[in-house]
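Biologist: Please go through the assignments with me, one term after another.

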Amino acid sequence: MSLREKDLIYDYDVYNDLGDPDSNPELARPVLGGSKKYPYPRRCRTGRPRGKTDPRSERRSDTFYVPRDEEFSEEKEISFVTKTAYSVHMLLPSLEATLKDPDLGFPSFTDITQLYKEGIPIPKLKNQASMQILALRLVKAVCDAIDNLQFETPAMLEKEKFSWLRDEKFSRPTLAGVNPYKWPLKSALDPDVYGPPESAFTEELVELEIKDFMTIGEALKQKKPFIIDYHDLLLPYVSKVSQIKGTTLYGSRALFFLTPDGTLNPIAIELTSPPMEGKPQWKQAFTPSLETVGLWLWRFAKAHFLAHDCGYHELVGHWLRTHCVTEPYIIATNRQLSVMHPIYRLLHPHCRYTMKINAFARQALINADGIIENSFSPGKYCM
């Protein structure tokens, strides 16, 4: 039985509503939760009917049920940021229309800066009113006629257009994610499938990059090197993602060095592809360079790594380990505790609106062909 807005039912279900195979076989997605391969996560049950193509999946609809106590207040409804996500989802066709080839993305930096200077035309939408509630953090101005959208210029680009190319700007956002590591680096994946496990980060390479400060032995003793390592996480998906038109992926890791003045400098980035299509494993370590070709290779390596780092943050750090893991606790709290229970009173302010936010995410953000799949490197393998 499909649950209605006025219902107050907290029950568990698996993530079986991300795909939409009934409308398009290409939009089929695995059920997450309840199986040996994917034992987790859990969400609130909606009671929608099962799909015809895949009986394990729920049939998608325009509304995603949450218990009435989890609905937004009027103020939250007006200000909620996922309204922006929904609006951006509607704008994706307009963004694609501005590109000469949507599969290749923006052909030049100038085309990107036009989003901030001149904006993009907006197609006529069925629900024009929804455009009026775009969040100000994303949008600079929407004219009264709602025919042109101008994005707000990121603060980092206000002072210097290409500041993001500098190494210190590359290192700055990684401070929250770096971890000390053991040397030498070695993959834990099956070498018969993914190739030799040894890293392209050699002692000689690292010594060359930090020779003005200390030896690698001294650096390790003083815990100066740091690493962000997505090598083993991403490498199993490289061959799958490479089959998606206009998309590529590598296993990656970035090595940083904490200088005596407290600056975290990137000193090397490793990109790896496993054996596939009859070709052996490919891996290469890129380092900062003043030579023209080497400089641009370094910049490309940084761009690839930042794409991986951004995707990991949003999908694992933000969605999985924050929003996703919280929902079962909210369900359990409402099923087991009185609203007068001190633990309920303690948890409620922190959990309020989370289930509604998650429902919006399943509707337009993490669903098949949603914003996440269209924005991050793994594509349809994001979830």
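Modeller: Helix α11 lies across β6, β7, β8 and β9, at about 80° to β8. The model is predicted, with local features needing pLDDT of at least 70 and side-chain atom pairs pLDDT 80 or more, while totals for chains, interfaces and linings use all residues. Residues are numbered from 1 along each chain as its sequence is written, and side-chain values use heavy atoms, without hydrogens and water.

Biologist: How is the angle of about 80° between α11 and β8 defined?

Modeller: Axes are lines fitted to C-alpha atoms, for helices over the stretch in contact, and the angle, from 0 to 180 degrees, is taken between N-to-C directions. Helices (H or I, at least four residues) and strands (E, at least two) are DSSP runs, numbered from the N terminus.

Biologist: What makes β6 and β9 edge strands?

Modeller: The open sheet has the order β6-β7-β8-β9, with antiparallel pairing. Strands β6 (225-229) and β9 (282-286) each pair on one side only. Two strands pair if DSSP finds at least two bridges between them. Five bridges join β8 (residues 264-273) to β9, so the two count as paired. Glu270 stands opposite Ala285 in β9.

Biologist: Why is His323 called buried?

Modeller: His323 has a relative accessible area of 17%. Buried means under 20% (1.4 Å probe, protein chains only), exposed over 50%, partly exposed in between, so His323 is buried.

Biologist: Which residues does His323 contact, leaving aside neighbours within four places in sequence?

Modeller: His323, in α11 (residues 292-336), contacts His318, Thr354, Ile357 and Asn358. Contact means heavy atoms within 4.5 Å.
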